[in-house]
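Here's a quick briefing to read alongside the model. Have the viewer open and follow the topics in order.

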Amino acid sequence: MTFRFSFGPWNIHEGSDPFGAPVRSSYSFQQKLAVYRELGFEGVQFHDDDVVPDIDGKSHAEVVKEAAAMRRMLDEHGLVAEILAPRLWDNSKGIDGGYTSNNAQERAYAIDRSKQTIDIAREMGTDRLVLWLAREGTYIREAKNPAASVHYLIDAINQMLEYDPAIRILIEPKPNEPMDHAYIPTIGHALSLAYSTIDPNRVGGLIESAHCILAGLDPSDEMGYALALNKLWSVHLNDQNGLKYDQDKAFGSDNLRRAFNQVRVLVDNDYGKNGEFIGLDVKVMRTQPQEISFKHLENSKKTFLRLADKVRTYDREKERAFVEARDYEGLDAYVLDHLMGESRR
Ligand code: 3MF
Ligand code: MG
Ligand code: MG
């Protein structure tokens, strides 16, 4: 099995956090594109305004022209666009959530901007629109009507599906941050939303490891749930040390066994057979000097490939025998030995 890897340009960043300004100077977009190939990545994940800066106020013709120019730039680098995501959370009109805002004009803006993102996706040659529902939730429960909000979300997705008969929508769930509580915290929530739309076949999910961990859930079981329903259309592999701020650590850097199980469920279920990418959503540590600030990408990819090898060489017969005897202690020890590359004396 060969894997196609992707990441978003935001994964190469200047190191600012809520408590401190940037610590590294910026790489230009061209420099970032050059890094993709060097590190063995083929897919680029985009926000709408990565492709069309200052998108508000630009005409349809301008948006399409700029998207076409970006596509040519990707072609020159031998890269493809994997996904497009409307960056609604960064806009003053999305301050209280776009699709679920109490304000009808803000809801309309969110839908219009999503349609514009679909135009960009079409021009860039991808049918995958990602909705990270960042601010679709509340800081205090009384601020919005949770049942009405679900209907607003379904209505918004329906309008996107109607707008382009070829577009597919990937919902990226996250339980909290930036909001106190999000309305679509898990893949189960995301998929029940999918089945409530006018075309469930075109609505699926993107699962980020860290978001599952923040919900107190295991990423491999969440992935298994979506895979069973043929709804896992992209992933944001990364890692997270418990229930704290969203860390986006390098894949496997916190819990190697949890990472092994994610690779296992992906490989066992033939993830990638329809061209799905192994996507990363990782942030390098703030301490890294600029010239070595790509290591988190390199390390995550290497860890994935090494774990894929561990999945390939994992002894299924042994597993079957342990399971049959219900010797889960034996199975546990075998998995640890296998991951550590040694056998127990
Ligand atoms: C959230 C996402 C992205 C964010 C990105 C930048 C598609 O987990 O994956 O949305 O924009 O993380 O902060
Ligand atoms: Mg994250
Ligand atoms: Mg993500």
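Is D281 buried or exposed? D281 is buried, at a relative accessible area of 7%, where buried means under 20%, exposed over 50% and partly exposed in between (1.4 Å probe, protein chains only).

Before going further, some ground rules: this is a predicted model, where local features need pLDDT of at least 70, side-chain atom pairs count only at pLDDT 80 or more, and totals for chains, interfaces and linings use all residues. Residues are numbered from 1 along each chain as its sequence is written, chains are lettered from A and ligands numbered from 1 in the order in which they are written, and side-chain values use heavy atoms, with hydrogens and water left out.

- Donors are N, O and S atoms within 2.8 Å of the metal (3.2 Å for Na, K and Ca), and since water is not among the atoms, sites may look incomplete.
- E172 belongs to strand β6 (residues 168-172) and D281 to the loop between β10 (278-280) and α10 (295-312), so the two tie together parts that are 109 residues apart in sequence. Helices (H or I, at least four residues) and strands (E, at least two) are DSSP runs, numbered from the N terminus.
- E172 is buried, with a relative accessible area of 5%.

**Magnesium ion (ligand 2)**

- The protein donors of this ion are E208 (OE), D246 (OD), D246 (OD) and D248 (OD), at 2.0 to 2.6 Å.
- Their sequence spacing is E-x37-D-x1-D.
- E208 bridges ligand 2 and ligand 3, the two magnesium ions being 4.8 Å apart.
- E208 lies in strand β8 (residues 203-208) and D248 in the loop between β9 and α9, so this pair connects parts 40 residues apart in sequence.
- E208 counts as buried at 1% relative accessibility, and D248 is buried too, at 4%.

**Aromatic contacts**

- Searching the whole structure turns up 12 aromatic pairs. Rings of Phe, Tyr and Trp (its six-membered ring) pair if their centres lie within 6.5 Å; planes under 30 degrees apart count as stacked, over 60 as edge-to-face and the rest as tilted.
- F251 and F304 make a tilted pair, with 6.4 Å between centres and 35° between planes.
- F251 is buried at 2% relative accessibility, and F304 is buried at 1%.
- Y314 and Y334 are also a tilted pair, 5.5 Å centre to centre with 35° between the planes. Y314 sits in the loop between α10 and α11 (316-324) and Y334 in helix α12 (residues 328-340), 20 residues apart.
- One aromatic cluster is made up of F3, F5, F7, Y36, F41, F251 and F304.

**Charges over rings**

- R168 lies over the face of W233, 4.8 Å from the ring centre. A charge sits over a ring if NZ of Lys or CZ of Arg is within 6 Å of the ring centre and within 35 degrees of the ring normal.
- K301 places its charged end over the ring of F41, at 5.9 Å from the centre.

**Salt bridges**

- The structure holds 22 salt bridges, each a side-chain nitrogen of Lys or Arg within 4 Å of a carboxyl oxygen of Asp or Glu.
- K174 and E177 meet in one of them, at 3.2 Å from N to O. K174 is buried at 6% relative accessibility, whereas E177 is partly exposed at 30%.
- R264 pairs with E319, with the closest N and O atoms 2.4 Å apart. R264 lies in helix α9 and E319 in helix α11, so the bridge ties together parts 55 residues apart in sequence.
- R320 bridges to E317 at 3.1 Å between the closest N and O atoms. These residues are 3 apart in helix α11, or about one helical turn.
- D48, D49, D50, R87 and R113 are joined into one network by salt bridges that share partners.
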